[in-house]
Amino acid sequence: MADTQVDADTQADEKRADRLARQIGSFAKEHGGAEGQIAYLGEKGARIVLVGEDGGWGDLVAPSHAIARSAVEKSGITVHEDFDGEFAAKVKTGRYEWSRMAGIQLGGPKNS
């Protein structure tokens, strides 16, 4: 009985990784390629930060670091250990991101 549950859990994790890999592939296709970085989110899992060749960026959340690692491996993107240096410099931000960052620094977004 326990082996059956382990097999079911393994299959579910593989399906999650496959779904994330397809999403990563779609992002990469839309942005002329992509690179990523996996960050721990504690009990919530892991965040996969994606940066496209065109500077576009996004993220996905996986229920575990192992699933996130499997997804990026299946997608074939380059994975960085840290989000710094040349990798971070590829991110292009616009007016919206800068206003959001300023709002957070100044006490949060304003209700207008």
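Predicted model: local features only at pLDDT ≥ 70, side-chain atom pairs only at ≥ 80, totals over all residues.
**Exercise 1. Find how many helices and strands the protein has, and the pattern they follow.**

Step 1: Helices (H or I, at least four residues) and strands (E, at least two) are DSSP runs, numbered from the N terminus.
Step 2: The protein has four helices and four strands.
Step 3: Along the sequence they come in the pattern α-β-β-β-α-β-α-α.

**Exercise 2. Work out which strands pair with strand 1, and in which direction they run.**

Step 1: Two strands pair if DSSP finds at least two bridges between them.
Step 2: Strand 2 (residues 46–52) is joined to strand 1 by seven bridges, and the two run antiparallel. Ala-34 stands opposite Gly-52 here.
Step 3: Five residues lie between these strands in a hairpin, and Gly-42 in the turn has a positive phi of about 75 degrees.
Step 4: Strand 4 (residues 78–80) runs parallel to strand 1, joined to it by three bridges. In this pairing Gln-37 faces His-80.
Step 5: Now look at burial, where buried means under 20% relative accessible area, exposed over 50%, and partly exposed in between (1.4 Å probe, protein chains only). Strand 1 (residues 34–40) is largely enclosed by the rest of the structure because five of its seven residues are buried.

**Exercise 3. Decide how the one aromatic pair is arranged.**

Step 1: Rings of Phe, Tyr and Trp (its six-membered ring) pair if their centres lie within 6.5 Å; planes under 30 degrees apart count as stacked, over 60 as edge-to-face and the rest as tilted.
Step 2: This rule gives one aromatic pair. The ring centres of Phe-83 and Phe-87 are 5.0 Å apart and their planes stand at 75 degrees, so the pair is edge-to-face.
Step 3: For the two partners, Phe-83 is partly exposed at 36% relative accessible area, whereas Phe-87 is buried at 3%.

**Exercise 4. Say whether Ser-70 is buried or exposed, and what it touches.**

Step 1: Ser-70 sits in helix 2 (residues 65–75).
Step 2: Its relative accessibility is 16%, so Ser-70 counts as buried. The buried residues of this helix also include Ile-67, Ala-68, Ala-71 and Val-72.
Step 3: Contact means heavy atoms within 4.5 Å. Leaving aside neighbours within four places in sequence, Ser-70 is in contact with Glu-14 and Ala-17.
Step 4: After helix 2 comes Gly-76, with a positive phi near 85 degrees.

**Exercise 5. Describe the surroundings of Asp-59.**

Step 1: Asp-59 belongs to strand 3 (residues 57–62).
Step 2: With a relative accessibility of 38%, Asp-59 counts as partly exposed.
Step 3: Beyond neighbours within four places in sequence, Asp-59 is in contact with Arg-47, Ile-48 and Val-49.
Step 4: Asp-59 and Ile-24 are 35 residues apart in sequence, and 9.1 Å apart in space from C-alpha to C-alpha.

Methods. Residues numbered from 1 in each chain as written. Heavy atoms only, no water.
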